[in-house]
Amino acid sequence: MNRPIARDVRGDRIPMPAAGAGPKTGAALALGVFAAVVMTFAVPGVAQASPSGVLINERTYSGARGCVTVRGFPIRLRVDNRGAAPARVYLLPGCTGGVTKTIEAGRKAAPIGASVLFG
């Protein structure tokens with residue numbers, strides 16, 4: 001394969017880059033990287049566009065009413081109340097055993113409990 005040869009200022013021979021390795025390829029590569037970065041950050045943003053409900057241990061309970069048993073025994077729950085009403089965390093399953101924490105709308109907490117009463 002014969003590549004064209006150019007000469008620099010001193011007259012030395014400089015091999016020209018192979019076809020496809022010029023500025024157009026660099027621009028296409030940069031555009032592809034930019035598109036990948038945009039998609040990486042854009043897709044999670046769409047999923048979080050309408051926060052509502054209650055997030056308990058990374059699981060969303062949207063539109064839930066009444067008592068929801070999260071575990072069969074008390075553990076530390078990470079609760080992010082994105083709803084409009086308070087959420088009450090109970091020590092035992094079935095919203096029994098007493099309230100360990102009431103989390104107001106728009107607040108986060110990490111109480112011990114096994115079930116949560118919405119609304």
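Tutor: The following account takes the salt bridges one by one and then turns to a nonpolar surface patch. The model is a predicted one. It holds two salt bridges. Side chains of opposite charge can pair when their charged atoms come close.

One of the bridges joins the side chains of Glu-58 and Arg-78, with an N to O distance of 3.9 Å. Glu-58 belongs to the loop between strand 3 (54-56) and strand 4 (59-61), while Arg-78 belongs to the loop between strand 6 (75-76) and strand 7 (79-81), so this pair ties together parts that lie 20 residues apart in sequence. As to solvent accessibility, Glu-58 is exposed, its relative accessible area being 63%, and Arg-78 is partly exposed at 45%.

The other bridge is formed by the side chains of Arg-82 and Asp-80, where the N to O distance is 3.1 Å. Arg-82 is partly exposed, with a relative accessible area of 36%. Asp-80 has a relative accessibility of 13% and therefore counts as buried, the cut-off for that class being under 20%.

Apart from these charged pairs, the surface carries a nonpolar patch made up of Leu-91, Leu-92 and Ile-112. Leu-91 is placed in strand 8, which covers residues 87-92, and its relative accessibility of 30% puts Leu-91 among the partly exposed residues.

Technical notes:
Residues are numbered from 1 along each chain as its sequence is written. This is a predicted model: local features need pLDDT of at least 70, side-chain atom pairs count only at pLDDT 80 or more; totals for chains, interfaces and linings use all residues. Side-chain values use heavy atoms; hydrogens and water are left out. Patches are made of residues with over 30% relative accessible area and no salt bridge: like charges are joined within 9 Å, nonpolar side chains (Val, Leu, Ile, Met, Phe, Trp, Tyr) within 5 Å. Accessible areas come from the Shrake-Rupley method with a 1.4 Å probe; for residues, only the protein chains shown count as cover. A salt bridge is a side-chain nitrogen of Lys or Arg within 4 Å of a carboxyl oxygen of Asp or Glu. Helices (H or I, at least four residues) and strands (E, at least two) are DSSP runs, numbered from the N terminus. Buried means under 20% relative accessible area, exposed over 50%, partly exposed in between (1.4 Å probe, protein chains only).
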